[in-house]
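Biologist: Hi! Could you walk me through this one, starting from the inside and working outwards?
Modeller: Happy to, let's look at it together.

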Amino acid sequence: MTRILVSTQVSNRLSKTMAQVAFSDLAYYYAPANLAVLDDAGQSIDATTYTRIKCSFSDAVQKTGVSMEKWADVADIGIVQAEVRFIAPPIPAKGGRFKLIKKFNQFLNVAKEFEIVDTKDRGNFGYVCALKRI
């Protein structure tokens, strides 16, 4: 027998509240390169268009063993350097790029750029992405 702890309405309300309270960082999401489109040298062309997202960014992943263990089954935990949480759209994909431009309500002097190593879908609560620095 499956028990439902909260209704869909409560889950949606909690998701919206979480986004308003916890997602104070700002970033750009770039989709993965389209391998069907190549430049003159035969290299894939990185996406130049981005989607601006409100998110929650953490680069303390390697300091907390619990976070590292979450990604051990999908990636070499030595390369996971950060995590980001946000609610779609967009739907993140491996190989996509993530550029953090604002942290703790302060714009960064130098944006931090990462590549998405893997993602986990959290339903109404969005996505959690493992990131490596590029």
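**Inside the core**

Modeller: In the largest nonpolar core, which has 14 residues, the members that touch the most others are Ile 53, Cys 55, Phe 57, Val 84, Phe 98 and Leu 131. Keep in mind that this is a predicted model.

Biologist: Which elements give two or more residues to this core?

Modeller: Those are the strands β1 (25-30), β4 (51-58), β5 (82-86), β6 (97-103), β7 (106-121) and β8 (127-133).

Biologist: Let's take Ile 53. What is it in contact with, leaving aside neighbours within four places in sequence?

Modeller: Ile 53 is in contact with Asp 25, Leu 26, Ala 27 and Tyr 29, and also with Phe 86, Pro 89, Pro 90 and Phe 98.

Biologist: Asp 25 turns up there. Is Asp 25 buried or exposed?

Modeller: Asp 25 has a relative accessible area of 3%, so it is buried. You'll find it in strand β1.

Biologist: And what does the side chain of Asp 25 reach?

Modeller: It reaches the backbone nitrogen of Phe 57, at 2.9 Å. Beyond four places in sequence, the contacts of Asp 25 include Ile 53, Cys 55, Phe 57, Leu 100 and Phe 104.

Biologist: OK, new topic: rings. How many aromatic pairs does the structure hold?

Modeller: There are 4 aromatic pairs. One of them is Phe 57 with Phe 98, a stacked pair with 6.1 Å from centre to centre and 15 degrees between the planes.

Biologist: Why does that pair tie together parts that are apart in sequence?

Modeller: Because Phe 57 sits in strand β4 and Phe 98 in strand β6, the pair joins parts 41 residues apart in sequence. Both Phe 57 and Phe 98 are buried.

Biologist: Which residues form an aromatic cluster?

Modeller: Tyr 28, Tyr 30 and Tyr 50 make up one cluster. Tyr 30 also has Arg 97 over its face, 4.4 Å from the ring centre. Elsewhere, Lys 103 lies over the face of Phe 104, at 4.4 Å from the ring centre.

Biologist: Now charges. How many salt bridges does the structure hold?

Modeller: It holds 5 salt bridges. In one of them, the side chains of Lys 112 and Asp 59 meet at 3.5 Å, N to O. Lys 112 is in strand β7 and Asp 59 in the loop between β4 and α2 (65-71), so this bridge ties together parts 53 residues apart in sequence.

Biologist: How accessible are those two, Lys 112 and Asp 59?

Modeller: Lys 112 is partly exposed, with a relative accessible area of 24%. Asp 59 counts as partly exposed too, at 45%.

Biologist: What does Lys 94 form a salt bridge with?

Modeller: Its partner is Asp 118, and the closest N and O atoms are 3.9 Å apart. This pair links distant parts of the chain, with Lys 94 in the loop between β5 and β6 and Asp 118 in strand β7, 24 residues apart. Lys 94 is exposed, at 52% relative accessible area, whereas Asp 118 is buried, at 11%.

Biologist: Back to Arg 97, the one over Tyr 30. Which side chain does Arg 97 meet in a salt bridge?

Modeller: That is Glu 113, with 3.9 Å from N to O. Arg 97 belongs to strand β6 and Glu 113 to strand β7, so the pair connects parts 16 residues apart in sequence. Arg 97 counts as buried at 18% relative accessibility, while Glu 113 is partly exposed at 27%.

Technical notes:
Residues are numbered from 1 along each chain as its sequence is written. This is a predicted model: local features need pLDDT of at least 70, side-chain atom pairs count only at pLDDT 80 or more; totals for chains, interfaces and linings use all residues. Side-chain values use heavy atoms; hydrogens and water are left out. A nonpolar core is a set of buried Ala, Val, Leu, Ile, Met, Phe, Trp, Tyr and Cys residues joined through side-chain atoms within 4.5 Å. Buried means under 20% relative accessible area, exposed over 50%, partly exposed in between (1.4 Å probe, protein chains only). Helices (H or I, at least four residues) and strands (E, at least two) are DSSP runs, numbered from the N terminus. Contact means heavy atoms within 4.5 Å. A polar contact is a pair of N or O atoms within 3.5 Å; within protein, one must be able to donate a hydrogen and the other to accept it, and residues adjacent in sequence count only if both atoms are side-chain atoms. Rings of Phe, Tyr and Trp (its six-membered ring) pair if their centres lie within 6.5 Å; planes under 30 degrees apart count as stacked, over 60 as edge-to-face and the rest as tilted. A charge sits over a ring if NZ of Lys or CZ of Arg is within 6 Å of the ring centre and within 35 degrees of the ring normal. A salt bridge is a side-chain nitrogen of Lys or Arg within 4 Å of a carboxyl oxygen of Asp or Glu.
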